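Subject: Structure for you to look at

Hello,

Here is the structure I said I would pass on. Please open it beside this message and follow along as you read.

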Amino acid sequence: MLYKAYELQRAMLTGASVWASVTSEMLANPLSPFGAFGFGSVMSSALDVFAHAAAPRGKPAFDIESVTVDGQKHAVTEAIVLHRPFGNLLRFSHDGLAADAPKLLIVAPMSGHYATLLRGTVARMAERATVYITDWADAKTVPLEAGRFDLDDYIDYLIGFLEHIGPNTHVIAVCQPSVPALAATAIMGAADNPCRPSTLTMMGGPIDTREAPTSVNDLATTQPYSWFENTVIATVPAIYPGAGRKVYPGFLQLAGFMWQNISSHMMSHYQMFEHLVAGDEDSADSTKAFYDEYRSVCDMTAEFYLQTIEHVFQRHSLPKGEFLHRGKPIDLSAIRDTALLAIEGEKDDISGIGQTKAALTLASKLPAGRKKYHLAPDVGHYGIFNGSKWRKAIAPVVEDWMAQHDKARLKVVA
């Protein structure tokens, strides 16, 4: 009933959004009689804000057409290089890359948003690396015949993607996937897999949420596992290919994130309204672009979501050495040559300071020279991987770390 109620509300808001958009355009017309009374632009702007907020959204495109390197623009090619039911492997490359350019796998979160949330991460790293990214599927679009997808499957997907890309690949895990990416690295290290990562950069990841718990961590620990299972899990309705699949709906995740910072979101929309009234379309469009991405959400399989709640936030299985993969314990001390970089934001209100850094201690057999910690000053959670501070201050740290431990380049130098 939860999902059906949402679909009904979405259908109603879609119609209201269309009418608001049409009316807004009419009021904004210079020939509109309302303009003579001085409140035409105010009404038009208010309706525009509502129309944008209520509009339906699907999966965004990456739309990375080019990158500029050393003042020269290069056209970027995007391609699906591996197709799997629950996620494709995408590759971004351009003809200006050096012959020894590093290979980089960016692991996008499976946490309610599409991989396009990392558009800025991909665009910046694609300047000097062949970039691959996990393009996770919306669970409601995956037919039941495709089977389950849980934490074990997530880890298997990462190992399979790395084996497809080949040896000497670097990995960046953004937020939630830091846990399965670290686990996959340990599993590959224990098996002496030649495709294990050269470096693993974890950015704002919940490796050990006992360190500096945030409001997100509090929510996951104040309710028992059964509450999540009985309250937030829904069944995909018949209108989608994944009909009958149990999921954690993306709209619930979005509602939670919006409510967590409701005052700032309200202020952003009020400022958008003011920009529209003042005729500052560029500033309004910038806010609209952010919310176009932010409100584009997708569903997670119930088993993946519930296991994440249980093992990452409630039981702390990985840092306590109790995390299993296919029934076998994961030993983080098996990470012996993959260089680890932990990056945290000083103002991160989702993954507290110390949660990601914990990975460096847990990899107890890794030499100190292959561990690095970077605290980004005056940066929040999204600023770690997007925006000017990411491009100018954080990305260079990642690139330097990759260069120091790139096995392909080190062999050439030797």
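A residue counts as buried when its relative accessible area is under 20%. By that cut-off, strand β5 (residues 130-136) is mostly covered, with 7 of its 7 residues buried. Keep in mind that this is a predicted model.

The covering of β5 applies to both faces: Thr130, Tyr132, Thr134 and Trp136 are buried on one side, and Val131, Ile133 and Asp135 on the other.

Strands of a sheet pair through backbone hydrogen bonds, either parallel or antiparallel. Together with helix α3 (residues 119-125), β4 and β5 make a right-handed β-α-β unit.

These strands belong to an open sheet of 9 strands with mixed pairing, in the order β1-β2-β3-β5-β4-β6-β7-β13-β14. Its edge strands, β1 (66-69) and β14 (371-376), each pair on one side only. From one strand to the next, the twist averages 25°.

Isoleucine 343 stands opposite histidine 374 in β14. Helix α13 (residues 388-404) packs on the sheet and touches β4, β6, β7, β13 and β14, with its direction at about 165° to that of β13. Helix α5 lies across β6 (169-174), β7 (199-203) and β13, and runs at about 160° to β7.

Now to a pair of helices. How do α4 and α11 lie relative to each other? The axes of α4 (residues 151-165) and α11 (residues 302-314) come within 8 Å and cross at roughly 100°. Angles of 65 to 115 degrees count as roughly perpendicular, so α4 and α11 are roughly perpendicular to each other. Where they meet, Leu151, Asp152 and Tyr154 come from α4, and Phe304, Gln307 and Thr308 from α11. By class, this contact has 3 nonpolar, 2 polar and 1 charged residues.

α11 is mostly covered, with 10 of its 13 residues buried. Among them are Phe304, Leu306, Ile309 and Phe313. The buried residues of α11 pack against several elements, including α4, α5 and β10 (300-301). After α11 comes histidine 316, whose phi is positive, near 55°.

Regards

How values were computed: Residues numbered from 1 in each chain as written. Predicted model: local features only at pLDDT ≥ 70, side-chain atom pairs only at ≥ 80, totals over all residues. Heavy atoms only, no water. Axes fitted to C-alpha atoms, helices over the stretch in contact; angles between N-to-C directions. Helix = DSSP H or I, 4+ residues; strand = E, 2+ residues; numbered from the N terminus. Parallel < 35°, antiparallel > 145°, perpendicular 65-115°, else oblique. Contact = heavy atoms within 4.5 Å. Nonpolar A, V, L, I, M, F, W, Y, C, P; charged D, E, K, R; others polar. Buried < 20%, exposed > 50% of the residue type's maximum accessible area, 1.4 Å probe, protein only. Right-handed = clockwise from strand over helix to strand, strands pointing away. Pairing = 2+ DSSP bridges.
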